[in-house]
Amino acid sequence: MTLQDSINIAGMGMDAQVQRIQVHAANMANLHTPNYVRQIPVLNETAVMPFDQLLDKVRSQGPIDGLLAATPEGVQMGGTVADRTPGKKLYMPDHPEADADGYVTMSNTNILADMSDATVASRMYEANIAMMTILRTMANKAVELGRGR
């Protein structure tokens, strides 16, 4: 794996976490929106070799050779899935979105779950920034060594 590969992986991680935070922010913004269905972000691995195959290689070839054979590519946002948890029904017969019985289905957003997931995504974003900083330091040291300092 080259230094550029590592930078690309960290960049992809940052992009995925930004998109994940945006999904959670939309959920929180729609906390009181009737009929809003909470969305759950899905992240997908973009490795050429799936993790289960990598694990088999490590088991058969040993940790060093097995991991060197891997060509990881990072993570990407795979979209969202709807949360199947039913929203609370409130009796509001005058509301424009009331059903025939006068009930309005409220958002099924769980504010605590979305806040904690957004916090985790934020921490993962920060971890990717830290990785970028380390990679930049490594690149600068390599340039200094090349200059003979």
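**From value to word**

Mentor: In this predicted model, Leu3 has a relative accessibility of 31% and counts as partly exposed.

Trainee: Why is Leu3 called partly exposed?

Mentor: Buried means under 20% and exposed means over 50%, with partly exposed in between, so Leu3, at 31%, counts as partly exposed. Leu3 is found in helix α1, which covers residues 3-29.

Trainee: Which residues form a nonpolar patch on the surface with Leu3?

Mentor: Leu3 forms the patch together with Met131, Ile134 and Met138, and the accessible area of these residues together is about 350 Å². A patch residue needs over 30% relative accessible area, and Leu3 has 31%. The largest share of the patch, 3 residues, comes from α4.

Trainee: What makes Thr46 buried or exposed?

Mentor: Thr46 has a relative accessible area of 15%, and because buried means under 20%, we conclude that Thr46 is buried. Thr46 lies in the loop between β1 (39-45) and α2 (51-61).

Trainee: Which residues does Thr46 touch, not counting residues up to four places away in sequence?

Mentor: With those left out, Thr46 touches Met12, Glu73, Gly74, Val75 and Gln76, and the word "touches" is used here because contact means heavy atoms within 4.5 Å.

Trainee: How far apart are Asp117 and Ile21 in sequence and in space?

Mentor: Asp117 and Ile21 are 96 residues apart in sequence, while in space they are 8.0 Å apart, taken from C-alpha to C-alpha.

Trainee: What share of contacts in the protein joins residues at least 24 apart?

Mentor: Among contacts between residues at least 6 apart in sequence, 71% join residues at least 24 apart.

Trainee: And how many helices and strands does the protein have?

Mentor: The secondary structure comes to 4 helices and 4 strands, and read along the sequence they follow the pattern α-β-α-α-β-β-β-α. Of the 149 residues in the protein, 23% are buried, which means that their relative accessible area is under 20%.

Note on methods. Residues are numbered from 1 along each chain as its sequence is written. This is a predicted model: local features need pLDDT of at least 70, side-chain atom pairs count only at pLDDT 80 or more; totals for chains, interfaces and linings use all residues. Side-chain values use heavy atoms; hydrogens and water are left out. Helices (H or I, at least four residues) and strands (E, at least two) are DSSP runs, numbered from the N terminus. Buried means under 20% relative accessible area, exposed over 50%, partly exposed in between (1.4 Å probe, protein chains only). Patches are made of residues with over 30% relative accessible area and no salt bridge: like charges are joined within 9 Å, nonpolar side chains (Val, Leu, Ile, Met, Phe, Trp, Tyr) within 5 Å. Accessible areas come from the Shrake-Rupley method with a 1.4 Å probe; for residues, only the protein chains shown count as cover. A salt bridge is a side-chain nitrogen of Lys or Arg within 4 Å of a carboxyl oxygen of Asp or Glu.
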